[in-house]
Protein chains: 2
Amino acid sequence: MFRLRAVNEVIEESIRYLRHHPSVKRVSLIHALNKISGETVYSAVMLPPFPKSTMDGYAVKSSNCSSASPSSPVILKIKKESILAGEKGNTLGENEAIRIETGGFLPEGADAVIPVEDTEQRGNLLYVYKSIGKYENVSLPGEELDINDIIIRKGDILRPWHLAALEAIGREEVGILDIKACVFCTGSEFKEKFKPFTRKLVKGWLLEKGFTEVSVKVLPDDVDIISKNLGKAVMEYDVIIVCGGTAKGEKDYTIKAIQKLNPSYLLHGVRIRPGRTMCFSVVNDRPVVAISGLPVAAFSSLELVVKPILERWLKIRFLEYPKIRAKLVRRVTSKMGFKSFIRLRVYERKGQIYAEPLVAGGSGSIRSLVLGNAFLIVEEDLEGFDEGEEVEVELYAPVYKENL
Amino acid sequence: MFRLRAVNEVIEESIRYLRHHPSVKRVSLIHALNKISGETVYSAVMLPPFPKSTMDGYAVKSSNCSSASPSSPVILKIKKESILAGEKGNTLGENEAIRIETGGFLPEGADAVIPVEDTEQRGNLLYVYKSIGKYENVSLPGEELDINDIIIRKGDILRPWHLAALEAIGREEVGILDIKACVFCTGSEFKEKFKPFTRKLVKGWLLEKGFTEVSVKVLPDDVDIISKNLGKAVMEYDVIIVCGGTAKGEKDYTIKAIQKLNPSYLLHGVRIRPGRTMCFSVVNDRPVVAISGLPVAAFSSLELVVKPILERWLKIRFLEYPKIRAKLVRRVTSKMGFKSFIRLRVYERKGQIYAEPLVAGGSGSIRSLVLGNAFLIVEEDLEGFDEGEEVEVELYAPVYKENL
């Protein structure tokens, strides 16, 4: 027998042994999309660099226009030049106005932009029919982006707006966490006919989380071969995941293979369902995780154990799944002391959100993942939920609309 | 002046003119990750194909074991062979048992698997100490995946579990929507020093939505050049987006360029803020959308107008942003009749979720996007929300934790 450990215990303990850190790689901005930032970037520039017009109009001194009204306009002298977007005007004197485009930089002496529609041009004179305040229609230096603004934090996922802000400060590249995983699928039955299809779930999950490379290899049920491959992988990859061979008893090839590598930390059995036979170990300061070869048990281990460990170890901030409250159409039972991962089909009917637990097919069923769209985590201290109870579920695909 | 139109009007109207459909391209499974499925795939196989053991034990006839108990065991004859994972046994006779591994297929005649721990082996005899029900510890054909199960729907985003299920039914490729966009940034000021950085936000947004290709080109403020480029793009790309040149009045180069192409549908001005000067048109049966060159106005147009149109036009089901209820720390005002897109910084302090509206820098500020993590949509019929009011916001990055 082995003693099963609580998820939080595993996280707290294992984190102390994970001393390896993936390297940081500089890539062009667009290749960094949805990857994990390897650096904290502060703005070193001020945008706009000078006061900038946010309107098409005339750059003026606001103090010259303070008395302007429709019945008694202020009259200014229009300077010959005009300031285009991205250009900077020369000095503006008292009672002068310069034509300026949206995006043009104000000339020295000007502090506001009066919109075209509040003026009238007569020859080289400008009639201003409305008073204007200081900095009106002007974007001040640093308003768009200021010196020392944090553009991206190390551990954050790089999203489209980060790329835009990085380009705005003149960056063409950004450092991303070059985090590489090797996924092994064990099982002597995987020859031609049977495919270890859980590998696609694991590889896809890791890529969605921002991993830069995920290699997949199939190995036979042979402790020596598995151990040799793991020993090589912990020198080349940052995270190693083995699917299969975690059962207790005679078939725990993977556990035996890990033991041969003298792990600094080894834990076999976590209080999650499905997936309780999983193993978390640390070899060469990095994680070697053995999870079930069955797809749902594998998914449950990734979500409930691997994800929080990645977050703690590498200080990554993943965006959560959308949550929604839904009414259970059937009772959900869960074993006390276990964190349970329940698959659901969540749908909307006449404005009410319902959740149907998908239990058919047991823990191994890929069916429950493709027919479903959400999961419910039942914490260790609960035995489940009753039919009709409203629970908070996590959506991994959109709610089905049923308008019957 | 131009009449601004409501978002729903634009969607309902434009959809009728969008008669083009992007082609479907077959790609290997892993390249389909996070792309839009171009086909609905039904399972043509049953998994498992035969009754399969979910335990290490002995395949038996349940009827032979109905009287078994710890005090009066049933005695069965153990057949010589044993069934490994992925293999199928021969026929089982009356009062016989065959050793079977988890994942092994039951022999003809067997209908249950008795776990090793409920038995005792004495020579070639098996003592069974517990009765067992029909199909106990057996996964029946179709339980993991059944014939006609829908694995993926056309228009759904392909996720890791879909790839696993596709591999499980023997697929190596899947058809994805080969949806290609061309993004033009207009502005004569974009030479060396000033970069039209909004392009990164638009390109990243489209790639995150599952577009297969996004080309970006910078064009000067010249109606003929813009028009010529658009005319070429509508023959090569499925969606065309122009950033900039949408202002009303003399600077609407993009609008004029679109008009020269004789669009079947053209609408200039939508009741969203920011982004109200956007233009939605249909040329060669596909969308040519002109949005602001300012990053937040562009983002607002993409989220409030382009996204729902893509969903309706191509029947795509995007996963929504996570929603969370948060208490406003400042009043939010919005212009009646406009759908407003308010940027927020959402944080947790002492268990309470707060939302701080980010108004500094106006509509164009990339700052509000990188410092913030959420947005609030204020519908057309509302004037805003009061300080202290609880509102539902959409998160595009994780909630900040402030433990002060």
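Select B:Pro48 to begin; this residue sits in the loop between strand E2 (41–42) and strand E3 (52–53) of chain B. The model is a predicted one. Now go to B:Pro274, in the loop between strand E17 (272–273) and E18 of chain B. Here too there is a cis peptide bond, this one between B:Arg273 and B:Pro274, and omega is about -5°. For background, most peptide bonds are trans, and most residues other than glycine have a negative phi.

**Positive phi angles**

The next stops concern phi. Select A:Tyr135, in the loop between strand E9 (125–128) and strand E10 (138–139) of chain A. This tyrosine is not a glycine, yet its phi is positive, at about 65°. Is A:Tyr135 buried, partly exposed or exposed? It counts as partly exposed, because it has 15 C-beta neighbours inside 10 Å.

Then select B:Asn262, in the loop between helix H5 (253–259) and E16 of chain B. Its phi is near 50°, again a positive value in a residue other than glycine. B:Asn262 has 8 other C-beta atoms within 10 Å and is exposed.

**A six-stranded sheet in chain B**

Colour the strands of the open sheet in chain B in the order E14-E13-E15-E19-E18-E16; there are six of them, and the pairing is mixed. Which strands stand at the edges? They are strand E14 (213–219) and strand E16 (265–268) of chain B; each has a single partner strand, so one side of each has no neighbour in the sheet. Look along the sheet to see the twist, which averages 15° from one strand to the next.

Inside this sheet, pick strand E15 (residues 239–243) and strand E19 (residues 286–291) of chain B, which pair in the parallel sense over four bridges. In general, the strands of a sheet pair through backbone hydrogen bonds, either parallel or antiparallel.

Helix H4 (residues 223–236) of chain B lies across strand E13 (180–186), E14, E15, strand E18 (279–283) and E19 of chain B. H4 runs at about 165° to E14(B). Helix H6 (residues 295–314) of chain B lies across E15, E18 and E19 of chain B, and runs at about 160° to E19(B).

**One strand with two partners**

Move to strand E5 (residues 74–83) of chain B. With strand E9 (residues 125–128) of chain B, E5 pairs in the antiparallel sense over four bridges. With strand E6 (residues 96–100) of chain B, E5(B) runs parallel, and four bridges join them. Select B:Lys77 to see both pairings from one residue. The bridge partner of B:Lys77 in E9(B) is B:Leu125, and in E6(B) the partner is B:Glu96.

**A buried helix**

Select helix H3 (residues 198–208) of chain B. Nine of its 11 residues are buried, so H3 is largely enclosed by the rest of the structure. Among the buried residues are B:Arg199, B:Lys200, B:Lys203 and B:Trp205. What do the buried residues of H3(B) pack against? They pack against H2 of chain A, together with E13, E14, E15 and H6 of chain B. Just after H3(B), B:Gly210 has a positive phi of about 105°.

**Where the chains meet**

Display both chains. The contact takes 63 residues from chain A and 63 residues from chain B. On the side of chain A that touches chain B, helix H2 (160–168), helix H3 (198–208) and helix H7 (367–371) of chain A each supply at least two residues. That side of chain A divides into 32 nonpolar, 15 polar and 16 charged residues. The copies meet through the same surface, because 100% of the interface residues of chain A are also interface residues in chain B.

To see how the copies are related, superpose chain A on chain B: this takes a rotation of 180° with 0.0 Å of shift along its axis, and the RMSD is 0.1 Å. That is the relation of a two-fold axis. Select A:Pro322 to find the C-alpha of chain A nearest the axis, 1.8 Å from it.

**Domains of chain A**

For the last stop, colour chain A by its domain assignment: domain 1 (7–22 + 179–314), domain 2 (25–45 + 149–177), domain 3 (52–139) and domain 4 (323–402). The C-alpha centres of domain 2 and domain 4 of chain A lie 37 Å apart.

Terms used
Residues are numbered from 1 along each chain as its sequence is written. Chains are lettered from A and ligands numbered from 1 in the order in which they are written. This is a predicted model: local features need pLDDT of at least 70, side-chain atom pairs count only at pLDDT 80 or more; totals for chains, interfaces and linings use all residues. Copies are superposed by least squares on the C-alpha atoms of residues with pLDDT of at least 70 in both. Two residues are in contact if their C-beta atoms, placed from the backbone, lie within 7 Å. Two strands pair if DSSP finds at least two bridges between them. Axes are lines fitted to C-alpha atoms, for helices over the stretch in contact, and angles run from 0 to 180 degrees between N-to-C directions. A residue is buried if 20 or more other C-beta atoms lie within 10 Å of its own, exposed if 12 or fewer, and partly exposed in between; C-beta atoms are placed from the backbone. Ala, Val, Leu, Ile, Met, Phe, Trp, Tyr, Cys and Pro count as nonpolar, Asp, Glu, Lys and Arg as charged, and the others, Gly among them, as polar. Domain bounds come from an automatic or database domain assignment.
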